[in-house]
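Please look at the sequence and the structure that follow, and keep both in view while reading.

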Amino acid sequence: MIRFWNKRLKLGVLTQDLEFDEELEQIKKAIKSEVNKKFAGSLAIRMVDSGSCNACEAECNALANPYYDLERLGIYFVASPRHADVMLLSGVMTFNMTPHAIEAYKQIPEPKWVITMGDCPLMKAPFEKTFAIKAPANNHFEVTHHIEGCPPEPREIIKGLLEFLRKI
Ligand code: SF4
């Protein structure tokens, strides 16, 4: 036990990124202020998976943990597109899911925005020649912002959300 604590005191917490901790605090402040200014303190996101491998969704789930704590910044994931301001789209546009993604988009009240995440919606390699997909997401929707990565890490997603908020 003593050996464990000695090692712990010597090495510190290896998973902690002190530099990013500081950056994250700034990102959080900026997001909160943008959400207050542009969405009266509450931004609702409907996540739509049009054919993903679910890794993008798993990274989004991490945004609800106490470290990122997106809800405290006024950003909520909602179950119905009718309650949403933004559609966050992941996955390739498969034949089966494309009509449902379009339907979900139609049901979001105006004004509305689309954010795409991951390489899939853009149909970058190796997804561009799959038989089961339609055109890239930007052929179906006016995409306001794209968050890159496969999958993007939670820190990239939270930065992407801030970029989106600053853009609109
Ligand atoms: S972008 Fe990558 S991680 Fe995200 S759904 Fe596509 S394959 Fe999965």
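Sorted by class, the shell around the ligand consists of six nonpolar, four polar and one charged residues; here Ala, Val, Leu, Ile, Met, Phe, Trp, Tyr, Cys and Pro count as nonpolar, Asp, Glu, Lys and Arg as charged, and the others, Gly among them, as polar. The shell is made up of Ser52, Cys53, Ala55, Cys56, Ser90, Gly91, Gly118, Asp119, Cys120, Cys150 and Pro151, where a residue is taken as near a molecule if its C-beta atom, placed from the backbone, lies within 6 Å of it. This is a predicted model, in which local features need pLDDT of at least 70 and side-chain atom pairs count only at pLDDT 80 or more, while totals for chains, interfaces and linings use all residues. Residues are numbered from 1 along each chain as its sequence is written.

The chain has five helices and five strands, which are DSSP runs numbered from the N terminus (helices: H or I, at least four residues; strands: E, at least two). Read from the N terminus on, the elements follow the order α-α-β-α-β-β-α-β-β-α. Along the principal axes, the C-alpha atoms fill a box of roughly 60 × 40 × 25 Å. Of the contacts between residues at least 6 apart in sequence, 80% join residues at least 24 apart, a contact being a pair whose C-beta atoms, placed from the backbone, lie within 7 Å.

Helix H2, residues 18-39, has 22 residues and reaches 31 Å from its first C-alpha to its last, close to the 32 Å expected at 1.5 Å a residue; that expected span is 1.5 Å times one less than the number of residues. After H2 comes Ala40, which is found in the loop between H2 and E1 and has a phi near 50 degrees, a positive value in a residue other than glycine. Ala40 counts as exposed because it has 9 C-beta neighbours inside 10 Å; the cut-off for exposed is 12 or fewer other C-beta atoms within 10 Å of a residue's own, for buried 20 or more, and for partly exposed in between, with C-beta atoms placed from the backbone. Asn54, in the loop between E1 and H3, also has a positive phi, of about 85 degrees, although it is not a glycine, and Asn54 is exposed, with 12 other C-beta atoms within 10 Å.

Two peptide bonds also deserve attention. The bond from Glu110 to Pro111 is cis, with omega near -5 degrees, and Pro111 has its place in the loop between H4 and E4. Another cis bond joins Cys150 and Pro151, with omega about -10 degrees; Pro151 sits in the loop between strand E5 (143-147) and H5, and both Cys150 and Pro151 are among the residues around the ligand. In general, most residues other than glycine have a negative phi, and most peptide bonds are trans.

What remains is the interior. Buried residues make up 32% of the 168 residues in the chain. The largest nonpolar core has 36 residues, and those with the most contacts inside it are Val86, Met87, Leu88 and Ile115; such a core is a set of buried Ala, Val, Leu, Ile, Met, Phe, Trp, Tyr and Cys residues joined through C-beta atoms within 7 Å. H5 gives the most to this core, with five residues. Phe164 lies in helix H5 and is buried, because 21 other C-beta atoms lie within 10 Å.

Key
Contact = placed C-beta atoms within 7 Å.
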